[in-house]
Amino acid sequence: MAMFDRLANVVTKRYKLIIVIWAIMLLVSIPAMMMVGDVVKYDSDMSDTSNSESARAAKIVDEYFPSSVANGTLLIVLQSDDMTDAEARDFVIELQERLSNGDIDYLESVNTIYSYSEQVMFGVIMQLGPAMISAEAGVNQSAFMLYGIPEMHVQNWNMYGTDIEAYDATMVQLGSYLSGYDDNTTAAAYAYYNAFAAAWNSSSVLDPVERADASVNAAAPALIDSLPLGASEKAMMLAVLSSFDMSTFNDPSIIHSFTLEMIGNEAGITDTNFLEAVYDLGPDYQYEDVAAHARSIVANSTIDSYPVPIPSSLISGFISPSNGTMLIMMSFSISETYTTSDGSTPLPDQVAEIRSIISDVKDETGYPVTTYVTGMAAISQDMKTSSEDELSLIEPITIVVIVILMGLFFRTVVGQFLPLGAVGVAIGVSQVMIFLLASFVMDVDYMISTMVFAILMAVGTDYSIFIITRYREERIKGAPREQAVHTAVVWAGESVVTSALTVIIAFMAMATADFSFIKSMGVIMTGAIVIALLVALTLIPSILMFFGNRMFWPTTGKRWDSFVKTVMEKKKAGNHGYFHRAATFSVNHAKMILVLAIVLTVPTTYMYVTAETSFDFIGAMGESESIDGMKAMTDDFGAGAIMPTQIVIVGDTVVYDGTSFDIAYMDAVSNITAVIAGESMVSKVTSVTDPYGYGSGFDYHDLDSYSEDERAQYLSAMLSFIGNDNKSLMFTVILDEQPQSADAVAFVPDLRQDMVEAMDSQPAMSGSEILVGGTTAALFDTSESTAKEFSSIEILVIIGIFVVLMLVLGSLLLPVFALISIAMSITWAFSLTYIVFGVWLGLPVLWIIPLILFVMLMGIGMDYNVFILTRIREEIHKGKETKEAVVSAADWTGGIITVLALIMAAAFGALMLSSNAMLQEFGFALMVAVLLDAMVVRTYIVPAALTVMGKKAWWAPGRLQRVGRKEKMAKKDEQQKND
């Protein structure tokens, strides 16, 4: 008590200086208060950042698969009856151009199915066009050799009439014709002519044309087969052989048609108009001309009528199976969290502009489409906007409720603004702390800054009102102003400090966590409570010293005297209120009340321990355009398509050396892929051996059997699953269940075990390691590590609070009872929260809620236990018996504790106005726990427990004991004197 006595002396003597210091601190805090919203995070990242398997997998993906990790991305989700028809196409292309040409900073590209279709068309045209020109030349040359040389021979035979003269004349002509060709072509032509001449000479057919055709068919196949040409070139020559004759081989139109048909068949293109248009762009293909033609094709055709089929894997990435939903992807050169030197975040800040452009295009085109802008930057911006809007609603409602409750209790229209003003100072100074920490030390989630307001409004007003109430009580008893302030600081101050210490211990324990959300919450809440405590212990009594009873205007002067007289007469006459009667009832029926409490706690404890909680943070974020967009994607693209599970294999084997694959290793990968595909929870898996999904029919063993276009396409798809070190591999797994669902998260350990067993069965993968990562795996790892951390945190909280209460109360039993009673109210509050939100409203009750509730309520919920227990100890210190002290303490503190509970419940309950389900659940659970603690635990269970424990409640060894120690020491001294 000596410490509080010294503090009381300082306050009563230096109260004006204290008021000035706090005023200066508040003024200095104003800039930080205005900027704190710009430095907190709004993306609610609840993933694990430790050295877990998912975190290691994420690092490998970031390092070796950079192309699979977008720097900054926004997604536009479009929904209509048919997003593939011509009207939808025109809308999307117009929107794509407007976004690309808009004033959007750091934008790198706007990708749609149509922009990629243009790229496909451009690539095909640039490959087909030159191929047509060279192929036509090849066809022309082959046709001349196969039929032109025989035509020369027939003409010479008709002229000279003998085989020898015809041969000699043709050899001369052939030499002249072949003078510009290379040696191989010349040798092949001479070899062919000699074979033809031999067949001619041995033929008995009289008609020279028929004789020539027979000689061609006899000589050409064998010659073609013997030429040192590739399979495609030999196939082309055989096609020329079978498609032309002596009368058509030199017809340009026939050669042209044959060439286009041959190229179209090889490329799988049947649209001859497209092929003709591509041919007409040459022979010198210019980038601008080809790009314009590709753009024209896309702009005037629908996806199902393109002359070149678009890969199904590309279509499925942009268009849902029902064709009702389409995606547009905007890529940026900065990340979602990039912050400029002036503190702005360009990517989230531009979401409104992008939505404005979309709205303008919708208005101008009149196309009936539903649009959503989503992605982490959009979610962050929407959360920021909703947070600001909700705070603008939560703050005034909380303040109005507090003003009304305090006005009714204090019978004043002025005094209620003192604790509110004090809390305002605490909140303002706390904003400086949040601003500095968020700017330079750690990530701070926006929900934490919202909870700081609620917690300070709750506990800050509690601490302040408790000091004010004790001051008023002392004035009612006749103490002068300075003495009343002194007593309030000494006795109520000890209660407030004890209560604050329990809260501080709880939050300090949370600050030891590795999980960034919990860690930052613990650090910030600890600092905020310390600030609120200092305000209550110094600023509040200083203002009371300055204003005195004027704080209770209009209950001043004669009204104050009348009020005091009425209160004291009621006390003397034994005209007590509800709390006196409730305490008396509890004292008289103590055992029954304790038994009922235990009976009620058994099922709620079971629910607390076994209730199935959710990992669906997206579902808990409330309603906003970005969240609705994510849900729309989930509905139309499959539950796991948005956040796929990523499995990586790392080892020393070079899977691809730039020219060929390690087939033995690839076979092992294929076996692993098959194991993954066979998992009951897996919807689709893609890998280097199955880039378009397991069971697609692709055979990596026989790449050479595919056409050049197909081979290039397959190779590109395969390489996307190989890291830039050519050793790391990635599997992309889409689950049947929503990736944040409890079933999906529970599947992770089974999948990991199956992967380890599958790896062990593959000798080629000896020395390699397989890791399961992605959102679902990260949630599992986070829940596992956080649960372990919270086991340690809970132990720290329990031990810390026990020690504080033991030292303050001078008892071993009372701290144990206090902890048990709060644990009871925690299980009651959580059970009600789970029933209301999880069962009745069908909202996800997040797995982190019961963990944080336990720690927070162990601190915050201890307030009223501390207030009444310290008051009971004070009454016993004044000489009263335990039962009398219990009833008296309940009588004097009942009204104020009830008001404090209602104020705290209102502050926490205001969180339920948030659209964020997590904040709603926190608000509801904290509100219920506070009301239960004040109305049930403090009013009935505490008196009952003290009655059952009797004098044993205050026992402690040696000097720790505070109640009854003086009497024991006096008896001991008396006995020593008698001896």
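**Helices, a sheet and aromatic rings**

Visitor: At about what angle does helix 29 run to strand 8?
Guide: Helix 29 (residues 775-809) lies across strand 5, strand 7 and strand 8; helices (H or I, at least four residues) and strands (E, at least two) are DSSP runs numbered from the N terminus. Axes are lines fitted to C-alpha atoms, for helices over the stretch in contact, with angles from 0 to 180 degrees between N-to-C directions, and contact means heavy atoms within 4.5 Å. Helix 29 runs to strand 8 at about 90 degrees.

Visitor: What kind of model is this?
Guide: Residues are numbered from 1 along each chain as its sequence is written, and side-chain values use heavy atoms, without hydrogens and water. Local features need pLDDT of at least 70, side-chain atom pairs count only at pLDDT 80 or more, and totals for chains, interfaces and linings use all residues, since this is a predicted model.

Visitor: Which strands stand at the edges of the sheet?
Guide: Four strands form an open antiparallel sheet in the order 6-7-5-8; two strands pair if DSSP finds at least two bridges between them. Each edge strand has a single partner, so one side is left without a neighbour in the sheet. The edges are strand 6 (682-686) and strand 8 (769-774).

Visitor: How are the rings of F837 and F924 arranged?
Guide: Rings of Phe, Tyr and Trp (its six-membered ring) pair with centres within 6.5 Å, and planes under 30 degrees apart are stacked, over 60 edge-to-face and the rest tilted. The centres of F837 and F924 lie 5.5 Å apart and their planes stand at 70 degrees, so the pair is edge-to-face.
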